[in-house]
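Please keep the structure in view while reading.

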Amino acid sequence: MSKSRIARRMADLKARGRKALIPYVVAGDPTPEVTVPLMHAMVAGGADILELGIPFSDPFADGPVNQRGAERAIASGMTLPGVLQAVAEFRRTDSETPVVLMGYLNPVIAMGEQAFCQQASAAGVDGLLLVDMPPEEEGGLVAEAKSLGLDMIYLAAPTTTDARLAIIGQATSGYLYYVSLKGVTGSSKLNPAEVAAKVEAMRVHVSAPICVGFGIRTPDDAARVAVAADGVIVGTVLVSAAEALANRPAEVPAAIQGLLQPMRDAMDQATAMDA
């Protein structure tokens, strides 16, 4: 099977000595109409891979900011079919930028696992990150996803044991999402030195690229994590920007692009200096 779009993007970045900038936003936040323009704006701001949150009423791994983003999206009428429609629309003018759907199992099960995977693949989705489906629970959904060439991306945390990390490292494809902090999204303060040490130790068990999320709020955070990791995942600070402009949704794409560009620049400067 040929390399996935995510694998090609990560390999291309590595060959050029760059690290992936992966922004996360909730699809439909603050309105469904803003999602596709926002996706294009994030690419313009330097994003290499997009993570789109599937709105869900009980996102238990998310902090209050991202929970409110999901609530706004649901209130504005965004649904799982609507998320897939947004990806399909994005694909009309961008066939290169990988798109990962991040969410929880309930909406997927409600749609039907096989139908979801088939419709996601047809829309142009590249990877799935389902927070409440660990690799030990792989079944029909994963088999269907893999048969369609969708990457299954898994999470690891600071508390993940080496034995379990070996299982996750075998299962994940595209990249591994390392949750750099204990707790929910948007919590605590990032310690880049600790992150660097943990990422280095994880490489013994994980051959896929390791991308780091949780706690990254500033260009300096992004730059310091980029030196150690293969990618930087930024979420809560972007959802906060959408929240601040919830009554002016047309301004959200430019605002988030404006947050990403300094991160992209700082990452490139840091990794160039480290080369």
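## Helices and strands

Helices (H or I, at least four residues) and strands (E, at least two) are runs assigned by DSSP and numbered from the N terminus. The model described here is predicted. Counted in this way, the protein has 12 helices and nine strands.

The radius of gyration of the protein is 17 Å, close to the 19 Å that the globule rule gives for 275 residues, so the protein is as compact as a globular protein of that length. Its C-alpha trace spans about 45 × 40 × 35 Å along the principal axes.

The nine strands form an open sheet with parallel pairing, and their order is 5-4-3-2-1-9-8-7-6. Strand 5 (151-152) and strand 6 (155-156) stand at the edges; each has a single partner strand, so one side of each is left without a neighbour in the sheet.

What joins strand 6 to strand 7? Two bridges do, and these two strands run parallel. Strand 7 covers residues 176-179. Within strand 7, Tyr177 is the bridge partner of Leu155.

## Interior and contacts

Of the 275 residues in the protein, 55% are buried, where buried means under 20% relative accessible area.

Take the contacts between residues at least 6 apart in sequence: 73% of them join residues at least 24 apart.

## Surface and charge

The protein exposes about 11,200 Å², and carbon and sulfur atoms supply 53% of that area.

There are 22 positive and 30 negative side chains in the protein. The centres of these two sets lie 5 Å apart.

Notes
Residues numbered from 1 in each chain as written. Predicted model: local features only at pLDDT ≥ 70, side-chain atom pairs only at ≥ 80, totals over all residues. Heavy atoms only, no water. Pairing = 2+ DSSP bridges. Rg over C-alpha atoms; globule rule 2.2 N^0.38 Å. Buried < 20%, exposed > 50% of the residue type's maximum accessible area, 1.4 Å probe, protein only. Contact = heavy atoms within 4.5 Å. Areas by Shrake-Rupley, 256 points an atom, 1.4 Å probe, with all protein chains shown as cover. Lys, Arg positive; Asp, Glu negative; His and termini not counted. Charge placed at Lys NZ, Arg CZ, Asp CG, Glu CD.
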